[in-house]
Amino acid sequence: MFERPDVGERAVLVHIDFTAHDGTEDPGEFRELVTSAGVEPVSTVTGSRKQPSPRFFVGEGKLEEVRDAVAANEADVVLFNHALSPRQERNIEHELKCRVLDRTGVILDIFAQRARTHEGKLQVELAQLEHMSTRLVRGWTHLERQKGGIGLRGPGETQLETDRRLLRERIKSIHKRLEKVRRQRNQGRRARERADIPTVSLVGYTNAGKSTLFNRITTSSVYAADQLFATLDPTLRRLELPDIGPVVMADTVGFIRHLPHKLVEAFRATLEETTQATLLLHIIDCHDPRRDENIEQVEEVLAEIGADEIPMLQVFNKIDLLENFTPRVERNEEGIPVRAWVSAVTGEGLDGLFDAIVERVAEDVVHHFVLLGPADGKLRALLHEAGSVLSEEYRDSGDTVVEVRLQNRDWQQLLSRAGVNEKSIRLDGGHA
């Protein structure tokens, strides 16, 4: 749409610690981000300031250091581990004579590479266009020479306005198409709700091992790699769980600290699978030195999208990287599984995790002993048809003691269809 240099593959990274700001970015994580984008970091320039410079973000001395690093390493692009304003980005590009991207731009580039589905590509394009819309002026710096004179006034502004109008129209068009995708997704979700199919959604910090675990549990072939944002598009698979029946498992995009708000908005449809889940599996890289901070970041994003009230099971993954660690499932004071320690790569602890998932999803499962007489033949047939009968004991009177286990809602539906009063047939005192 407008002129700009191509992004190269050799990059100088810039990371500044600000003493007046809390929550600075992690330079190690940024290096991983850059590598995930397919770029080779050839030099890292670090420093500290009280606060960013309004003009160049860094001081002029530090800018000179970056310029020297670009020249010495023949770098094509400078990547900042910070959010730059459009003005700062443009000023730095003008001084360094090479492409400059901030942290948001790097994340957007990774998203553009990873998106596979139609919906994912639309969401990426939307986020890119909204990010680009404030930076359009950079593409028309060649028109700044036309200061005035007859026949030369205003063409830069005219072209800029044309581009802005085209961007607005494209953004509007993508919003409409994404709304259509959301309606289709909602129809599918409502159909699952009508069929009472629970959804288990995997969430977690990027590169925590969600897709590897998803593949293990569902024996699927979702793309999994040791890099940030390997998964972007939501992937759904249907599973059969004991006592519960069909369950939908959803693998979602990984979270990252200080994810730009525009990106959260653009990926709302992807994250909607999380907000509507029956159970969240919070996958955590237990070997990561910033594990606790990552957990906080994920919980913050979950609260932001309204998913913080959904029942959650924490899954501490990658125990194969810990020395002499035995997989286990931890429970709270009420005996409910709240934490599982596993390795998605070796398969350690997955049996315990599977049992914990079944237990958490099956919190509404009932286990009854009922006495059925000859007149209750319809209910007995329905229970057999639902596969809910565990055992039967026949009595001389012609009655049958039947042990049943099934979801409470299914139990109530079967009683209603058979026209049987629960109190008249129950032998036990309630839930097992």
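Helix 7, spanning residues 210-218, is mostly covered in this predicted model. Seven of its nine residues are buried. These are Lys-210, Ser-211, Leu-213, Phe-214, Asn-215, Ile-217 and Thr-218. The buried residues of helix 7 pack against several strands and a helix. The strands are strand 5 (199-204), strand 6 (235-241), strand 7 (245-251), strand 8 (279-285) and strand 9 (312-317). The helix is helix 11 (350-361). Thr-219 follows helix 7. The phi of Thr-219 is positive, near 45°.

A helix pair was examined next. Two packed helices are described by the angle between their axes and the distance between the axes. Helix 2 (residues 60-73) packs with helix 3 (residues 86-96) at an angle of about 55°. Their axes lie 10 Å apart. Helix 2 is therefore oblique to helix 3. The crossing of the two helices is right-handed. On the helix 2 side, the contact involves Leu-63, Val-66 and Arg-67. These residues meet Ile-92, Glu-95 and Leu-96 in helix 3. By class, the contact has four nonpolar and two charged residues. No polar residue takes part in this contact of helix 2 with helix 3.

Cys-98 counts as buried because its relative accessibility is 11%, under the 20% cut-off. Cys-286 has a relative accessible area of 8%, so Cys-286 is buried as well. The count of disulfides comes to zero, with a disulfide taken as a pair of cysteine sulfur atoms within 2.5 Å.

How values were computed:
Residues are numbered from 1 along each chain as its sequence is written. This is a predicted model: local features need pLDDT of at least 70, side-chain atom pairs count only at pLDDT 80 or more; totals for chains, interfaces and linings use all residues. Side-chain values use heavy atoms; hydrogens and water are left out. Axes are lines fitted to C-alpha atoms, for helices over the stretch in contact, and angles run from 0 to 180 degrees between N-to-C directions. Helices (H or I, at least four residues) and strands (E, at least two) are DSSP runs, numbered from the N terminus. Angles under 35 degrees count as roughly parallel, over 145 as roughly antiparallel, 65 to 115 as roughly perpendicular and the rest as oblique. A crossing is left-handed if the near helix is turned anticlockwise from the far one by less than a right angle, and right-handed if clockwise. Contact means heavy atoms within 4.5 Å. Ala, Val, Leu, Ile, Met, Phe, Trp, Tyr, Cys and Pro count as nonpolar, Asp, Glu, Lys and Arg as charged, and the others, Gly among them, as polar. Buried means under 20% relative accessible area, exposed over 50%, partly exposed in between (1.4 Å probe, protein chains only).
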